[in-house]
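Dear colleague,

I am handing over the structure we spoke about, and it is shown just below. My notes on it follow, and I would be glad if you read them with the structure open.

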Amino acid sequence: MVGTEAPMLVITEGALAGQRWPIDQEVVLIGRSETCDLVLPERQISRQHARLRRQDDGYYIEDLGSKNGTFLNGQPLPPFVPHRLKDGDELALALCVRMRFVSPEVTLPLEAPPAPARFSGLRIDRAARRVWANGREVVPPLSPAQFRALERLALARGAVVGREELVAYIWPEEDPRGVTEQALDALIRRLRERLAQVDPDHAYILTVRGHGFRLADIPLQLQGDPEEG
């Protein structure tokens, strides 16, 4: 969305504080589940917590019956009742994530943080949790689980990473036996889709049947890697 006027959510409090999420689709599902469009990792957030929807007269936020509630400018929202947003409105989800709605009528064209020099391949900044594919940044950023999956594959530098090892790295606090193969496959599929959004001409993640996954044979820069320069 660089150079395009668009509404956005600016996260001011929570694990993703400081990140900006351009709203470039009709419906944005917000929650802890990896199937959501905006994934928030906090445990207080419900799997499908709230929904932001574009209508003819503006943008509306709707709580989806979350356990810990959605608040608009400090007031709790009743479940499943859409409320129209105006510029500057503050949303609080479970009182642990706060974000501000910036209307397209008043915001300037979005400007992305400066990117490194163009690199034909996969570039990962582990400290900033930023990813570039073929010189284009993945925006909005990958979800925490998506980033960890890509990070682990990158650390292997082309070697196969087994399913159990990958699950343990992505979800270190979970019992690996409780994570189904379908859940891992869905995460990898979504990660592939996110990379394809910025570089549809290359396949970055390969499935090795019966073993796991590996990165394709592509140039790789992994900032913060002890092996780097």
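**Notes on the structure**

Arg-130 has its place in strand 13 (residues 130-133), where helices (H or I, at least four residues) and strands (E, at least two) are DSSP runs numbered from the N terminus. With a relative accessibility of 18%, Arg-130 counts as buried, a term that means under 20% relative accessible area, with exposed over 50% and partly exposed in between (1.4 Å probe, protein chains only). The C-alpha atom of Arg-130 is separated by 8.6 Å from that of Phe-147, which is 17 residues apart from it along the chain.

Please keep in mind that this is a predicted model, in which local features need pLDDT of at least 70 and side-chain atom pairs count only at pLDDT 80 or more, whereas totals for chains, interfaces and linings use all residues. Residues are numbered from 1 along each chain as its sequence is written, and side-chain values use heavy atoms, with hydrogens and water left out.

Asp-89 lies in the loop between strand 9 (83-84) and strand 10 (90-93), and is buried, with a relative accessible area of 3%. Its side chain makes a polar contact (a pair of N or O atoms within 3.5 Å; within protein, one must be able to donate a hydrogen and the other to accept it, and residues adjacent in sequence count only if both atoms are side-chain atoms) with the side chain of Asn-73, at 3.0 Å. A polar atom of the Asp-89 side chain also lies 2.9 Å from the backbone nitrogen of Lys-86.

Turning to the sheet, three strands form an open sheet in the order 15-17-16, with antiparallel pairing; two strands pair if DSSP finds at least two bridges between them. Strand 15 (161-162) and strand 16 (205-208) stand at the edges with a single partner strand each, so one side of each is left without a neighbour in the sheet. Strand 16 pairs with strand 17 (residues 212-215) over four bridges, and Phe-213 in strand 17 is the bridge partner of Thr-207.

Helix 1 (residues 144-156) packs against helix 3 (residues 181-198) at an angle of about 85°, with the axes 10 Å apart; axes are lines fitted to C-alpha atoms, for helices over the stretch in contact (heavy atoms within 4.5 Å), and angles run from 0 to 180 degrees between N-to-C directions. The two helices are therefore roughly perpendicular to each other, the term for 65 to 115 degrees, while angles under 35 count as roughly parallel, over 145 as roughly antiparallel and the rest as oblique.

Best wishes
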